[in-house]
Amino acid sequence: MPIPEEVTGEEIDKDVRQELQSLPKTLADDVARNLVMVARLIDEDPEGAYAYSRIALRLASRVAAVREAAGFAAYASQKYSEALAEFRAARRMTGNVDLWPVMADCERGLGRPEKALDMAGEPEVNKLDKAGQVEMRLVAAGARRDMGQLDAAIVTLQSPELASNSVQPWTARLRYAYADALLAVGREAEAREWFAKAVEADRDGSTDASDRLAELDGVEFTDALDDSGDGDAKDEDKTGTGAESHAAAPSDAAGAEVGHQAEAEDEADED
């Protein structure tokens, strides 16, 4: 697949670059450029990112960062079995537990929420940093909902991190998940409160909390036609967008980064 000339491979994280030093320079550069494309496309074009990850995988399957990136690309494309295999391979190579939550979420994607819950109770969870433990809590709550245990999902999300007023990179998603769980059991007033709190914490628009809040407040989103009222108006003449849909898909851990080459988020722990 073609790679833009301006992509040199130097854009990747220095830790990944160091991993690639075990390869001949020309090969390392080729792998690095493909990994850059994975990171660039994974949010907007998951299938495109997946295609580049497969090329990197063919070139350097023994590099942990490549296996990790391939896992995230497969995960973003909802190829959960493949993603899980890549994450397991990366974990075997590094011994790192950081991928545990997204591995559990892959089990959800494969229709095995019970397995995801089992993983939430494993010793590996205690080795995760605060961000990883929050991700694991989100996955466990999602698994509870998959199993129809809606009240248990609410209890799972109740935690010091949820109650804290401190805003961390994961705060908006945690509050959003809690609001959504409350709404699922009909606790609409509380859900509205937590969607509002999610909006306050959502600095980068990682959720559609503002749209959900508007829906609860009875705000309708409609397409506005041009002044002529012509129902055949072209799409480019329309303004306004509908509220985003919110599938309760196995993507609660999707905030995890694409290997080490994705931009790092601040993960300041609360003391």
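Start by selecting Arg-175 and everything it touches: Leu-162, Ser-164, Asn-165, Trp-194, Lys-197, Ala-198, Glu-200 and Ala-201, leaving aside residues up to four places away in sequence. Contact here means heavy atoms within 4.5 Å. Arg-175 sits in helix H11 (residues 171–184); helices are DSSP runs of H or I, at least four residues long, numbered from the N terminus. You are looking at a predicted model, in which local features need pLDDT of at least 70, side-chain atom pairs count only at pLDDT 80 or more, and totals for chains, interfaces and linings use all residues. Residues are numbered from 1 along each chain as its sequence is written, and side-chain values use heavy atoms, with hydrogens and water left out.

Next, show helix H12 (residues 188–201) and helix H13 (residues 209–216), whose axes come within 8 Å and cross at roughly 145°. Axes are lines fitted to C-alpha atoms over the stretch in contact, with angles from 0 to 180 degrees between N-to-C directions. To see the contact, pick Phe-195 and Val-199, among others, on H12, and residues including Leu-213 and Leu-216 on H13.

Now select helix H6 (100–109). It is largely enclosed by the rest of the structure, because 9 of its 10 residues are buried. Among the buried ones are Trp-100, Met-103 and Cys-106, and the buried residues of H6 pack against H4, H5, H7 and H8. Just after H6, click on Gly-111, which takes a positive phi of about 80°.

Gln-78 lies in the loop between helix H4 (64–76) and helix H5 (80–94). Is Gln-78 buried or exposed? It is exposed, with a relative accessible area of 57%.

For the last stop, color Leu-20, Val-31, Leu-35, Val-66 and Phe-87, which touch the most other members of the 50-residue largest nonpolar core. Such a core is a set of buried Ala, Val, Leu, Ile, Met, Phe, Trp, Tyr and Cys residues joined through side-chain atoms within 4.5 Å. H4 gives the most to this core, with 8 residues.

How values were computed. Helix = DSSP H or I, 4+ residues; strand = E, 2+ residues; numbered from the N terminus. Buried < 20%, exposed > 50% of the residue type's maximum accessible area, 1.4 Å probe, protein only.
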